[in-house]
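Trainee: Please take a close look at the ligand site in this model, and then at the backbone and ring details elsewhere in the chain.

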Amino acid sequence: MTAKHWLCLLLGTMVSAAGPAPLLAAAPQPLKAVEIREYEGQKLGSVTDFHENSIQGAPAVDIGKYRLLIDGLTEKKAAFSYGELQKMPHTKRLIELNCVEGWTVKALWEGIPLRELLKAAPPKPEAVTVVFHCADGYDTSLPLKEVLARDLIIADRINGLTLPKEQGYPFILVAQDKWGYKWARWIVRIELSRNTNYRGYWERSGYSQAGDLDGPILDR
Ligand SMILES: Nc1nc2c(c(=O)[nH]1)N[C@H]1C(S)=C(S)[C@@H](COP(=O)(O)O)O[C@H]1N2
Ligand SMILES: [Mo]
């Protein structure tokens, strides 16, 4: 008898000792979500590729109490719970985030067009700036015209996964063509403003207000 035969014999006794497999197995476990790493032939970055460098670390968001507020220069205010936002139309975008520190992550973002959200809180004619306020006290802004022209989305999914806490759960602004600091994470409030010179957290310390990837990084 070869060693292989001995092994079979041994494993055989172990299996029979454990008894036959029960016919009614325990309820199947839900499959663990798996991150998508390739989309339409393109390699994606991973949620682990981000360099966590937020101003305060990821804030804990109580999703039961979470409300996304849209206010300022709007015809009426709107406030959405996470559940309500999940039911709104979602769209997918394959877009690269570029931090001014030099690293990039290309990912498949999935979320709600701001155009869609603004239907519930239509901007007044004098509104020209969209200010994003975040749960960690961070803020940044973009011209309303660009938000609409680029049809920007706020994403609640990345690479097929629910947006992880570190990446901005529940919502990150997918600021296409803009430096990483325009990608507001942990968004809690979207304010419409007439202030064309609004400067958010990094803009106040000199980073470009426009934040265009193909423009200057600093304003001074
Ligand atoms: N609320 C909030 N959003 C934020 C930031 C932050 O500190 N707070 N940092 C910005 C910067 S500088 C970048 S590059 C992107 C990605 O940041 P991460 O590398 O820390 O994931 O998030 C942006 N959004
Ligand atoms: Mo950044």
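**The ligand site**

Mentor: An oxygen atom of ligand 1 lies 2.8 Å from an N or O atom in the side chain of asparagine 53. This is a predicted model, and the distances are to be read as such. Two further contacts go to the backbone: an oxygen atom of ligand 1 is 2.5 Å from a polar backbone atom of histidine 51, and an oxygen atom of ligand 1 is 2.9 Å from a polar backbone atom of isoleucine 55. The protein covers 98% of the accessible area of ligand 1, which on its own amounts to 520 Å².

The surroundings come next. Ligand 1 sits in the largest pocket. Around ligand 1 there are 16 residues, and the closest are His51, Asn53, Asp136, Trp183 and Arg185. Sorted by class, this shell has 9 nonpolar, 4 polar and 3 charged residues.

Now the aromatic rings. The structure holds 10 aromatic pairs. One of them joins phenylalanine 50 and tryptophan 103: the ring centres are 6.2 Å apart and the planes stand at 75°, so the pair counts as edge-to-face, for which the angle has to be over 60 degrees. Phenylalanine 50 belongs to the loop between β2 (42-43) and β3 (67-72), while tryptophan 103 belongs to the loop between β5 (91-98) and β6 (104-113), so the pair ties together parts that are 53 residues apart in sequence.

Two backbone details remain. Most residues other than glycine have a negative phi, and most peptide bonds are trans. Asparagine 159 has a phi near 50°, a positive value in a residue other than glycine. Asparagine 159 is found in the loop between β9 (153-158) and β10. The peptide bond between tyrosine 169 and proline 170 is cis, with omega at about 10°. Proline 170 is part of the loop between β10 (161-162) and β11 (172-174).

Terms used:
Residues are numbered from 1 along each chain as its sequence is written. Chains are lettered from A and ligands numbered from 1 in the order in which they are written. This is a predicted model: local features need pLDDT of at least 70, side-chain atom pairs count only at pLDDT 80 or more; totals for chains, interfaces and linings use all residues. Side-chain values use heavy atoms; hydrogens and water are left out. A residue is near a molecule or strand if one of its heavy atoms lies within 4 Å of it. A polar contact is a pair of N or O atoms within 3.5 Å; within protein, one must be able to donate a hydrogen and the other to accept it, and residues adjacent in sequence count only if both atoms are side-chain atoms. Accessible areas come from the Shrake-Rupley method with a 1.4 Å probe; for residues, only the protein chains shown count as cover. On a 1 Å grid over the protein atoms alone, a cavity is a set of points where a 1.4 Å probe fits but cannot get out, and a pocket is an open set with protein on both sides within 12 Å along at least five of seven lines; lining residues have an atom within 4 Å of a point. A molecule sits in a cavity or pocket if more than half of its atoms lie within 2 Å of its grid points. Ala, Val, Leu, Ile, Met, Phe, Trp, Tyr, Cys and Pro count as nonpolar, Asp, Glu, Lys and Arg as charged, and the others, Gly among them, as polar. Rings of Phe, Tyr and Trp (its six-membered ring) pair if their centres lie within 6.5 Å; planes under 30 degrees apart count as stacked, over 60 as edge-to-face and the rest as tilted. Helices (H or I, at least four residues) and strands (E, at least two) are DSSP runs, numbered from the N terminus.
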